[in-house]
Amino acid sequence: MPAPTRKTIIAEQHIEQAIQHMPFYVVEYIRAKKRAALSPRTLSGYLHDFKRFFDWLRQEGFTTAERNADIPYAVLETLKKTDVEMFVEMLMEEKIEKREGIYVQRSIDSTTRFIQSLKSLFNYLTQESEDEDGECYFYRNVMSKIKSPKKAESASSRSKRISANMLNGDERDEFLNFLRFDYVNTLDSRQAARFEHNRLRDIAILSLLLGSGLRVDEAAGLLINDLDMVHADVRAQRKGKKLDTVSITRTAMEDLQNYMAEREQLYKPDSKNLFLFLTKYRGKANAISVEAIEKIVKKYTMSFTKGREMSPHKMRHSFAKGFLDSGGSLIALRDQLGHNSIETTALYTNLSQEEQRFILRRMDGTKSEDIE
């Protein structure tokens, strides 16, 4: 079974620390959602949002409680729609320190996450909680009246934005061949030696991401016995701790086999260390972290594209587009990516339909300047 990643462990630690400063009903909510297998990273993010919300309630005088842990649920029950809208407006106007001295406005995605986390809490309190009489703590759910802010972006615009930061068509193979044969020529002797030590591992990681659509944390958590080299499958732990068998390309499996043949010699892990992807730190083999994989993707894609960095999530986008372009169905892609909803998977259709639309418009006699 895939092991928890470093980010998951950190999230679990944050949860246990954060709930010590939360009202009892939030602690109940967190425990209930953990039993329902909501991911620790999601719950950790929710607790960050709850803290900001409860801090705001005290700052704005909605409660006389001096600590967040002492805020009664009656305060949440009596909130008006305009009160919550005021909180949302504050979030949208708030400046976030991205790095020292650099502030940016909170994104719509971040604001939406706040709203969704509060909706989840209020749904629990008004539908799933239970007091001594078997009743919910309260029934008036003000969050049901709150809508998430809409992005001012069309599906076509989103498609173009994402496609600009993907590996499309033959670029996927060209990128991997660049790593196999040409990247070393861009390095000095010291850099080349360091690259050669991790070359098979890094190629295997990138080939797996491009050849499976796995999430970065799913790849980082893989164990040796999660590989099925006969059928070219891996066993991954999806969101909600659900185990799933994910098929990968034969190319990715070959790259994994090449890495596995040298894994012990390169990293000399303890016999109990079954993590698939390893890194050496202070002479000891450890599981590679999500952050390390993110840096690997960024470094190599910047070199290949001469400055256009990508993320593991863009690798996932690249796989999804290639899957659909090769004739895969939306339902098969949903299962491959581990989505719970076909609506989520459908977002990728615009990535694959741009070329078809371009050709059809050209067939229809549309002027080239109009196609753009």
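Tutor: What follows goes from the whole chain to some of its parts, and the model is a predicted one.

Student: Fine. How many helices and strands does the chain have?

Tutor: There are 17 helices and 7 strands in the chain.

Student: And what box do the C-alpha atoms fill?

Tutor: Along the principal axes, the box is roughly 65 × 65 × 45 Å. The chain has 372 residues, and 43% of them are buried.

Student: Ok, the inside. Which residues touch the most other members of the largest nonpolar core?

Tutor: Those are Phe 175, Leu 206, Leu 256 and Phe 277, in a core of 44 residues. Two or more residues each come from α8 (171–182), α9, α10 (216–220), β4 (233–237), α11 (250–267) and α12.

Student: Which of these gives the most?

Tutor: α9 does, with 8 residues.

Student: Let me pick Leu 206. What is Leu 206 in contact with, leaving aside neighbours within four places in sequence?

Tutor: Leu 206 is in contact with Phe 175, Leu 176 and Leu 179, and also with Ile 296, Val 297, Tyr 300 and Met 315.

Student: Now the strands. How do β1 and β2 pair?

Tutor: β1 (residues 95–99) and β2 (residues 102–105) are antiparallel, with 4 bridges. Arg 99 is opposite Ile 102 of β2.

Student: What sits between those two strands?

Tutor: They form a hairpin with 2 residues between them, and Gly 101 in the turn has a positive phi of about 80°.

Student: What about β6 and β7, how many bridges join them?

Tutor: 4 bridges join β6 (residues 278–281) to β7 (residues 284–287), and the two strands run antiparallel. Tyr 281 has Lys 284 in β7 as its bridge partner.

Student: Which residue takes a positive phi in the hairpin of β6 and β7?

Tutor: Arg 282, with a phi near 55°. This hairpin has 2 residues between the strands.

Student: Last one, Met 166. Where is Met 166 found?

Tutor: Met 166 is in the loop between α7 (155–163) and α8.

Student: Why does Met 166 count as buried?

Tutor: Because its relative accessibility is 1%, and buried means under 20%.

Student: What does Met 166 touch, not counting residues up to four places away in sequence?

Tutor: Met 166 touches Glu 171, Arg 308, Met 310, Lys 314, His 317, Ser 318, Lys 321 and Leu 351. Glu 309 is 143 residues from Met 166 along the chain, and their C-alpha atoms are separated by 9.5 Å.

Technical notes
Residues numbered from 1 in each chain as written. Predicted model: local features only at pLDDT ≥ 70, side-chain atom pairs only at ≥ 80, totals over all residues. Heavy atoms only, no water. Pairing = 2+ DSSP bridges. Core = buried A, V, L, I, M, F, W, Y, C linked by side-chain atoms within 4.5 Å. Buried < 20%, exposed > 50% of the residue type's maximum accessible area, 1.4 Å probe, protein only. Contact = heavy atoms within 4.5 Å.
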